[in-house]
Amino acid sequence: MTNHYKKILITGGSGRVGNRLVEGLESLFSQNEEIHLLQHKNEISKNFPKSLNVKIVGDVNDNYDLAIHLAAEANTRFTEKTENHSVVRDINVGLTRKICEHSNKVIYTSTDQVFKGDLPSGEYF
C-alpha cells in the first residue's frame, strides 16, 4: 500500500475478514503508520507483528487518514427483533457515521448477508 496514510483505523478486527486483515497487517503497512484497531465486544487477535505501530482502541475519537470499516452487528436473529433495533442502529449506522466523520477516506464492506429488499422503505427498522 502506498503510504500517504499516516493514521489508520480498522474496525471489525475480530470478525472473519477483519481477523485475516489483522493477521496480514505486516504485508500492508509498515512501522511508519499508526494503526488503531477498534475493539468492541470480542477480543482482537494480538497476532500482529510487534514491529508495527498498532494500538487497540475502544472508541473512535481521533481523526484518521484512512478507515477500513468491517464492523457490524451481523447476528440476523438479534437484528430482526424489534427490541434490538436501537442497538443495531447505533452500531450499524451510528458507528459508520462516526467513522466517516473522523476519517478522510473510508473503505466499507459488508460480508454477512444481503436482504431481499422488497419491504417498503422504513419497514426494516
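This is a predicted model: local features need pLDDT of at least 70, side-chain atom pairs count only at pLDDT 80 or more; totals for chains, interfaces and linings use all residues.

Modeller: Let's go with Ile-10. Setting aside neighbours within four places in sequence, Ile-10 is in contact with Leu-21, Leu-25, Phe-29, Ile-35, His-36, Leu-37, Leu-38 and Ile-68. Ile-10 also belongs to the largest nonpolar core, a set of 16 residues, and is listed there with Leu-25, Phe-29, Leu-37, Val-54 and Ile-68 as touching the most other members. As for where that core gets its residues, β1, α1, β2 and β4 each give two or more. A separate core of 9 residues lies apart from it, with Leu-9, Ala-71, Leu-95 and Ile-99 among its members.

Now for the strands behind those contacts. β1 covers residues 7–11 and pairs with β2, residues 34–38, in the parallel sense over 4 bridges. Along that pairing, Lys-7 sits opposite Glu-34 of β2. Zooming out, the two strands are part of an open sheet of 5 strands, ordered β3-β2-β1-β4-β5 and paired in parallel. At its edges you find β3 (53–57) and β5 (103–108), each pairing on one side only. From one strand to the next, the twist averages 20 degrees.

Next, the helix that supplies Leu-21. In α1, residues 16–23, the buried residues are Gly-18, Leu-21 and Val-22. These three sit on the same side of α1, because they cover an arc of only 100 degrees around the axis. What they pack against is β1, α2 (25–28), β2 and β4.

One more residue is worth a stop, and that's His-69, which has its place in strand β4. Its relative accessible area is 1%, so His-69 counts as buried, the cut-off being under 20%. Not counting residues up to four places away in sequence, His-69 touches Thr-11, Leu-95, Thr-96, Ile-99, Val-106, Ile-107, Tyr-108 and Thr-109. Two names in that list, Leu-95 and Ile-99, also turn up in the core of 9 residues.

Definitions and conventions. Residues are numbered from 1 along each chain as its sequence is written. Side-chain values use heavy atoms; hydrogens and water are left out. Two strands pair if DSSP finds at least two bridges between them. Axes are lines fitted to C-alpha atoms, for helices over the stretch in contact, and angles run from 0 to 180 degrees between N-to-C directions. Buried means under 20% relative accessible area, exposed over 50%, partly exposed in between (1.4 Å probe, protein chains only). The arc is that of the directions from the helix axis to the C-beta atoms. Contact means heavy atoms within 4.5 Å. A nonpolar core is a set of buried Ala, Val, Leu, Ile, Met, Phe, Trp, Tyr and Cys residues joined through side-chain atoms within 4.5 Å.
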